[in-house]
Amino acid sequence: MNVLIRELSVQDVRNFLIQNPEVIESHLLYNVTTDALESLLTKKRERPLLQLTGQILSKKLACSVESDQQIYERIEELIKIVSRQVDADYYTIYVPRKNLTELCIYRNGEFFEYGPIVKGQTVAAHVAFDKQPLFVENVSMDPRFPKGTGHGGNFEGDVLCLPVILPTDDFIAVVEIVKNELKHPFNTSELKLINTCLGWMAACIHENGLRRIMSAQETLNDFLLESTKHMFIEMTSIDTVVQNVMTFTKELVNADRCSLFLVDDENNELFADIFDEGKKDENGRPLLSKKSKIRFDKNKGIAGFVLRKGSVTTGYKTKNILCMPIATKSKIHGVVEMINSIRSDHFSHMDEHALQMFAVYCALALHYCRLFNLLAQQKAQYRVAMEVIQYHSVCTEEEMEPLLKQPLLPPEEIPPDLTTYYFSGFHFSNVLPQLFIQLVVDMFGRESFEIPKLCRFVLTVRKNYRQVTYHNWLHGFHVAHCVWCIIDQSPDIFSDFEKMALVIAGICHDVDHRGYNNMYFQKLNLPLASLYSTSVMEQHHYKQTVFILHTKGLDIFSHLSASEYKDMLELIREAIMATDLALYFGNQKSIAKSVEEGTFDLADDNMRKKAKALMMTGADLCAICKPWATQKRTVKDLYEEFFMQGDEEKKLGFDPIPMMDRTKQDQIPQQQIGFMDFICIPLYNTLNSILPGTKPLIEACCENRQCWMEVVERAKEEKQTIEEEKQRKEESEEQTEERND
Ligand SMILES: Nc1nc2c(ncn2[C@@H]2O[C@@H]3COP(=O)(O)O[C@H]3[C@H]2O)c(=O)[nH]1
């Protein structure tokens, strides 16, 4: 009989009771106390709650969790419910630690060490190792688990053990549910229930994490808004940006400490001078301290550095680090290092992702801040350079003295043809400043400008012309003089305001010309060409003019109101820009067309503007209308400048245009005729049609054309004579030879 009882299994007993229900009934009635029966009933009533489990779960999990501790609290609450549903005896929650090398048990808000994550010891460690669910029947008999479950090595029963893995692949826990062997084993629906619940739980925890990230994102957006405001309104310093980055990243990933190292590309180093020593301000925000710079080799491990530094200097122990480069596409700006997660014993994938995203904004913030600082520095450098330039480009008091003493020549020394188109400054180069002042005084009266200012102004303009052969101070004077003559010969057309703008534009129109045309700057991609895309030199001449006009002591227009001054500069700008010959063609065509159609009207603002532009071109080319001797001399100087550019281009491997090619000098007379036919004659004809006072210009131009024609003819004749002579010589040599023969 004894032998028979020993061989009975739990299942045999169950089968017997199903077939003999009266046995269990009498047992319950007579052998079990009422209290025990009632507790059994309570348990039994809880079973139908099964279908509500999902609802309870979702409610429990929907509550937001702020820290990892809270996540495990939730898991425990849920596993408690699930275990009851499946009538389990025990459950245990294990948490991976030490970078996934060890497990500890979580129970009632506390963590207890359990053991290493290895195979061949416990069920939980095996599952943590494989990260696969496992069902073990009668665990005490299974040789794979000599140390059994969380309830010891010799526990007899069935074990269901599952890893909790989030959709982000973060492995956060192992859940173990155990049934005593004497109870009924896990059935399929129970296994399904546990699996489903754990699946939902992982999804909810993940969801919760996302919510945490979203709220961090909101804070992040606020920060971005705040820092952008700082940068673009206040243009904050690098220190402020670094402090913002450190404070916010710390909040973002819940780090205990943080550091930020900036890259010093020049010295191949990383450095930091703002430190987090764990202090907080009255609002609980990190209080960072600025200290002397720590520098170290860019290639040395920062983590190692911080570990060393942290433990030696502050006694602070670094347990885990999240380290991220702060980089834009082209440059690594720095490295941010988060030390010791407050939430857990390590930083999660979510932390990493959030920081990765934020690092992009940090990089932009640092990038713009650096750019801003660079810009501010360059601005300061520019100001210093301008001060130096101003010192050297403005005339000294010694240089001024003679003119200040005698701004005007005695009447007998004034060239009699000064007020005619034919005046040539070649023989008056020493007194051109006095002659210019004379013209100004003649046209505007003695009171129009402060004479000492005008003296300083005119000498400084002269100083700012370069010593090139054509586009020099003398050319500037000639153009201003021609403008003066046109105005003088066109009474009641221009206002004093316009006249002043035109005469001053005339004297300044080529200031700082370097003897090269616009094409040269563009072809060689010189800095001036990157500054101005069109009318390169003309824009530069205007800028130089404004620079002179702005300089204290030379500010001849200081008597104007702000708006008058603005208008004056605009008129000067238009006049100087009009000296770009590339703009002339369209202008001439448009005026000639209106004249032909009888619609030209100087009262019309637009046409008036065009007329003034044409007048500036007329003055700029006035050498072509000077007496023949002056014309010849000017062309010689002009071509020397052209050839200098040609020589330069040849040196740089370019092919100069024939006009700038020294080896083609014999073409000059023909080129002059071409220049007149193509540009000057239409120009002065049209100018004459709108400003009849310019008639001497077209006449003189035509006379000079005649002179160039004669040069061409003479050259032809000379060539012919030479050839005839050559031929005659050859023939006579032939005859001599024949005679000798
Ligand atoms: N070939 C030729 N070109 C001239 C003459 N006078 C002026 N120019 C050109 O016309 C241009 C007008 O604008 P710039 O003063 O910049 O440069 C001038 C020269 O390139 C001339 O007599 N002959």
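Author: Let us begin with Asp345, which is partly exposed because its relative accessible area is 22%, a value between the 20% under which a residue is called buried and the 50% over which it is called exposed. The model is a predicted one, so please read each value as computed from it.

What does the side chain of Asp345 meet in a salt bridge? The partner is Arg97, and the N to O distance in this salt bridge is 3.3 Å. Side chains of opposite charge can pair when their charged atoms come close.

Lys250 counts as buried because its relative accessibility is 9%, and Asp276 counts as buried because its own value is 8%.

In another salt bridge, the side chains of Glu450 and Lys453 meet at 3.6 Å, N to O. Here Glu450 counts as partly exposed because its relative accessibility is 49%, whereas Lys453, at 13%, counts as buried. Salt bridges can also be joined together, and Asp239, Asp273 and Lys290 are linked in such a network. A search of the whole structure finds 38 salt bridges.

Leu371 counts as partly exposed because its relative accessibility is 40%, and together with Leu364, Tyr368 and Leu374 it makes a nonpolar surface patch of about 340 Å². A surface patch of another kind gathers negative charge, and its members are Glu730, Glu731, Glu733, Glu734, Glu737, Glu738 and Asp741. Of these, Glu733 lies in helix H25, residues 695-740, and counts as partly exposed because its relative accessibility is 45%.

Gln438, in helix H13 (residues 432-444), is buried because its relative accessible area is 12%, and, leaving aside its neighbours within four places in sequence, it is in contact with Leu408, Leu409, Ile414 and Leu418. Leu474, in helix H15 (residues 473-488), counts as buried because its relative accessibility is 15%, and, with neighbours within four places again left aside, its contacts are Gly425, Phe426 and Leu432. The C-alpha atoms of Leu474 and Ser424 are separated by 9.4 Å, although these residues are 50 positions apart along the chain.

Finally, the chain as a whole gives these details their setting. It holds 25 helices and 11 strands, and 45% of its 741 residues count as buried. Among contacts with a separation of 6 or more, residues 24 or more positions apart account for 66%. The protein chain exposes about 39800 Å², of which carbon and sulfur atoms supply 54%.

Conventions: Residues are numbered from 1 along each chain as its sequence is written. This is a predicted model: local features need pLDDT of at least 70, side-chain atom pairs count only at pLDDT 80 or more; totals for chains, interfaces and linings use all residues. Side-chain values use heavy atoms; hydrogens and water are left out. Patches are made of residues with over 30% relative accessible area and no salt bridge: like charges are joined within 9 Å, nonpolar side chains (Val, Leu, Ile, Met, Phe, Trp, Tyr) within 5 Å. Accessible areas come from the Shrake-Rupley method with a 1.4 Å probe; for residues, only the protein chains shown count as cover. A salt bridge is a side-chain nitrogen of Lys or Arg within 4 Å of a carboxyl oxygen of Asp or Glu. Lys and Arg count as positive and Asp and Glu as negative; His and the chain ends are not counted. The place of a charge is taken as NZ of Lys, CZ of Arg, CG of Asp or CD of Glu. Helices (H or I, at least four residues) and strands (E, at least two) are DSSP runs, numbered from the N terminus. Buried means under 20% relative accessible area, exposed over 50%, partly exposed in between (1.4 Å probe, protein chains only). Contact means heavy atoms within 4.5 Å.
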